[in-house]
Amino acid sequence: MRAARVLSLLLLLQTRRAMTAAELAVELEVSERTVQRDIAALAEAGVPVYAERGRAGGYRLVDGYRTRLTGLERAEAEVLLLAGLPGPLHEMGLAGRALAARLKVAAALGDAPGTAVQRFHLDAPAWFRAARPPALLGAVARAVWEDRVLRARYGRDGAARDRTLEPYGLVLKAGHWYLVARAGDERFRTYRVDRFEAAEAGEERFARDAAFDLAAFWEEKSADFARSLLREHVTVRLSRLGLARLPRVLEPVAAAQALASAGEPDERDRVTVRLPVESQEVAYDQMLRLGPEAEVLDPPELRERMALAARRAADLYR
């Protein structure tokens, strides 16, 4: 444990030039006294580290000293740095491991680390949504990370059931965490982590299926889920602008089906499409977003509802 901490301290000094004992203590989550002992250990091991006094002082390495602990090329290390998502890693309880990994990667970057992370950033949650991590996310993440059988109680549709799962992976989608796990029937299923009422990683480990691809599984199941919701259809006549805006209003699966159904433009240069929708209520909201660029043709009850909304809007602006 101490060896790993001392190594992290060395890499921090290498990548950040100079740091005070207080700054190092915060990064390493130890006391300043522990930092001072670790600095002394580095010096005894022959690492040229020294303390510089004054307002801009702190611990430094002798100029030009570098340690390279990896065989990574610079481009490879830059790409790996992009994999660090500080928020989600902290929520899963993996922030400490992530820090050590980033420092080791940074050691391969020479004098200008962090080039990639200054150019790319992933902000996973949707706008205007303050997503809170599920209370049991840490326990679930530990089971996933260590290939441990997860004993959990999962609530759904007002009922809760005890489950024994082989947790294969976690997915963060629009601010929500999902667990992909295999149950006793050997089928892979998806569980929302915030619906777990209890979760504990046991001592028993499971053997992972080497052929399982988390990204491919999620892509396929996401498309299946979206298609399963599209139980109804509406026929709509769209302007060119409405046709262009359609992918912004519909889910990708629905938009693709709608665009594939588009006929030839009529004499008003409008195109008729058949939209797969979850319900007429959802379709009403979607068509309102398209405004005068969309005319509902069928079903009649939705067309009448849109006409009423148009009249109400016209009265407001008259």
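Predicted model: local features only at pLDDT ≥ 70, side-chain atom pairs only at ≥ 80, totals over all residues.

Biologist: OK. How many helices and strands are there in the chain?

Modeller: The chain has 12 helices and 11 strands. It has 318 residues, and 36% of them count as buried.

Biologist: And the contacts, what percentage join residues at least 24 apart?

Modeller: Taking contacts between residues at least 6 apart in sequence, 63% join residues at least 24 apart.

Biologist: Let's do sheets. What's the strand order in the open sheet of five strands?

Modeller: The order is β7-β6-β5-β4-β8, with antiparallel pairing. The edge strands are β7 (188-192) and β8 (196-205), each of which pairs on one side only. From one strand to the next, the twist averages 45°.

Biologist: How many bridges join β4 to β5?

Modeller: Seven, with the two strands running antiparallel; β5 covers residues 159-173. As an example, R151 has T164 in β5 as its bridge partner.

Biologist: Which helices pack on that sheet?

Modeller: One is α7 (residues 137-146), which touches β4, β5, β6 (176-182) and β8. The direction of α7 makes about 70° with that of β5. Another is α8 (residues 214-229), touching β5, β6 and β7, and the direction of α8 makes about 110° with that of β5.

Biologist: While we're there, where does G155 sit?

Modeller: G155 is in strand β4, which spans residues 148-156.

Biologist: Buried or exposed?

Modeller: G155 counts as buried because its relative accessibility is 12%, and the cut-off for buried is under 20%.

Biologist: What is G155 in contact with, apart from its neighbours within four places in sequence?

Modeller: A160, R195 and E197. There's also a C-alpha separation of 9.8 Å between G155 and Y191, which are 36 residues apart along the chain.

Biologist: Switching to β9. What does it pair with?

Modeller: β9 (residues 232-238) pairs with β10 (residues 271-277) in the antiparallel sense over seven bridges. β9 also pairs with β11 (residues 294-298), again antiparallel, over four bridges.

Biologist: Which residue in β10 stands opposite V236?

Modeller: V273 stands opposite V236 there, and in β11 the bridge partner of V236 is V296.

Biologist: Now α11. Which of its residues are buried?

Modeller: A283, Y284, Q286, M287 and L290. The elements covering them include β9, α9 (240-249), β10, β11 and α12.

Biologist: How do α11 and α12 cross?

Modeller: The axes of α11 (residues 280-290) and α12 (residues 300-317) come within 11 Å and cross at roughly 40°. The two are therefore oblique to each other, and the crossing is right-handed.

Biologist: Which residues make that contact?

Modeller: From α11 there are Q280, E281, A283, Y284, M287 and L288, and from α12 there are E301, L302, R305, M306 and A309. Sorted by class, the contact of α11 with α12 has seven nonpolar residues, one polar and three charged.

Biologist: What about α9 against α11, at what angle do they cross?

Modeller: Roughly 135°, with the axes of α9 and α11 coming within 10 Å. That makes α9 and α11 oblique to each other, and α9 passes α11 in a right-handed crossing.

Biologist: Who's in that contact?

Modeller: α9 brings G242, R245, L246, R248 and V249, while α11 brings Q286, R289 and L290. By class, the contact of α9 with α11 has three nonpolar, two polar and three charged residues.

Biologist: Great, that's what I was after. Thanks!

Notes. Residues numbered from 1 in each chain as written. Heavy atoms only, no water. Buried < 20%, exposed > 50% of the residue type's maximum accessible area, 1.4 Å probe, protein only. Contact = heavy atoms within 4.5 Å. Axes fitted to C-alpha atoms, helices over the stretch in contact; angles between N-to-C directions. Parallel < 35°, antiparallel > 145°, perpendicular 65-115°, else oblique. Left-handed = near helix turned anticlockwise from the far one by under 90°. Nonpolar A, V, L, I, M, F, W, Y, C, P; charged D, E, K, R; others polar. Pairing = 2+ DSSP bridges.
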